[in-house]
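Reader: I am new to this structure. Please show me how to read it, one feature at a time.

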Amino acid sequence: MWEVEREDLSVRQYRFLLRTAPLDALEEAHVEVLAHLTPARRATVLRAVQEGLVTGLRSNPDDVRRVAHLLVLGERRSPGAFLSACPDSVLLTLAQEVIVAEASFGRFGGYASWDGSEPGLRPDIDDSPFAQPWHIAVETHVLYSGPLAGPSSPDSFGGGQ
């Protein structure tokens with residue numbers, strides 16, 4: 001897990017943005033910053049994404065939009081995974097640049113009252129592609145109205161109940 005005790009102020013602000021900023025703005029800030037990093041630092045960021053978030057194995061460091069997308073989305077889903085995999089020197093540079101990026105402007109509302117804690121995972125939220133509640137509609141609308149009757153639903157023809 002990410003160690004908060006020795007945290008630099010800019011890394012703390014960066015963590016706040018990662019947890020609270022809209023994903024599109026956060027992604028744009030990372031695209032802006034990654035485009036200006038040296039190829040070696042971009043490669044280090046990609047390696048941290050690959051190791052910490054276990055994604056982007058076929059990506060290359062020059063595809064900054066893809067790396068930014070994987071970083072932002074992965075860190076939102078698994079708080080601290082990228083941060084703990086990224087070397088401190090690169091993380092500090094990334095944090096310092098992202099917090100002053102144009103897309104980050106005005107995104108620090110609530111920072112003063114933030115206690116720095118990582119959000120807990122909510123088991124009631126499933127953001128996977130297979131999380132559609134299609135089965136709930138089937139279960140709640142189908143009913144049997146008698147021993148000889150077949151399935152009927154309130155919206156079926158024939159005056160269902």
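Reader: What is the mean pLDDT of the protein chain?

Author: pLDDT is the predictor's confidence in each residue, from 0 to 100. Here the protein chain has a mean of 81, and 70% of its residues reach 70 or more. Residues 138–143 fall below 50, and this stretch has 10 contacts in the model beyond near neighbours in sequence. Where pLDDT is low, the predicted coordinates should not be read in detail.

Reader: What ground rules apply?

Author: This is a predicted model: local features need pLDDT of at least 70, side-chain atom pairs count only at pLDDT 80 or more, and totals for chains, interfaces and linings use all residues. Residues are numbered from 1 along each chain as its sequence is written, and side-chain values use heavy atoms, with hydrogens and water left out.

Reader: How many helices and strands does the protein chain have?

Author: Helices (H or I, at least four residues) and strands (E, at least two) are DSSP runs, numbered from the N terminus. This chain has seven helices and two strands. From the N terminus, the order is α-α-α-α-α-α-α-β-β.

Reader: What share of the residues is buried?

Author: Buried means under 20% relative accessible area, exposed over 50%, and partly exposed in between (1.4 Å probe, protein chains only). Of the 161 residues in the protein chain, 37% are buried.

Reader: Which residues touch the most other members of the largest nonpolar core?

Author: A nonpolar core is a set of buried Ala, Val, Leu, Ile, Met, Phe, Trp, Tyr and Cys residues joined through side-chain atoms within 4.5 Å. The largest one here has 33 residues, and Tyr 14, Leu 34, Val 45, Leu 71, Phe 82 and Leu 94 touch the most other members. Two or more residues come from each of α1 (9–20), α2 (23–36), α3 (39–53), α4 (64–77), α5 (81–85) and α6 (88–98). The largest share, six residues, is from α4.

Reader: What does Leu 34 touch?

Author: Contact means heavy atoms within 4.5 Å. Not counting residues up to four places away in sequence, Leu 34 touches Arg 42, Val 45, Val 64, Val 67, Ala 68 and Leu 94.

Reader: Which residues of α2 are buried?

Author: They are Ala 25, Leu 26, Glu 27, Ala 29, His 30, Val 31, Val 33 and Leu 34. The buried residues of α2 pack against α1, α3, α4 and α6.

Reader: How is the length of α2 checked?

Author: The expected span of a helix is 1.5 Å times one less than its number of residues. For the 14 residues of α2 this gives 20 Å, and the end C-alpha atoms are 20 Å apart, which agrees.

Reader: Is Leu 9 buried or exposed?

Author: Leu 9 belongs to helix α1. Leu 9 counts as exposed because its relative accessibility is 54%. Its C-alpha atom is 9.6 Å from that of Leu 92, which is 83 residues away along the chain.

Reader: Is Glu 75 buried or exposed?

Author: Glu 75 sits in helix α4. Its relative accessibility is 0%, so Glu 75 counts as buried. A polar atom of the Glu 75 side chain lies 3.5 Å from the backbone nitrogen of Ala 81. Beyond neighbours within four places in sequence, the contacts of Glu 75 include Leu 18, Arg 19, Leu 53 and Phe 82.

Reader: Where is Ser 104 found?

Author: Ser 104 is in the loop between α6 and α7 (134–141). Ser 104 is buried, because its relative accessible area is 3%. Setting aside neighbours within four places in sequence, Ser 104 contacts Leu 17, Ala 29, Val 98 and Ile 99.

Definitions and conventions: A polar contact is a pair of N or O atoms within 3.5 Å; within protein, one must be able to donate a hydrogen and the other to accept it, and residues adjacent in sequence count only if both atoms are side-chain atoms.
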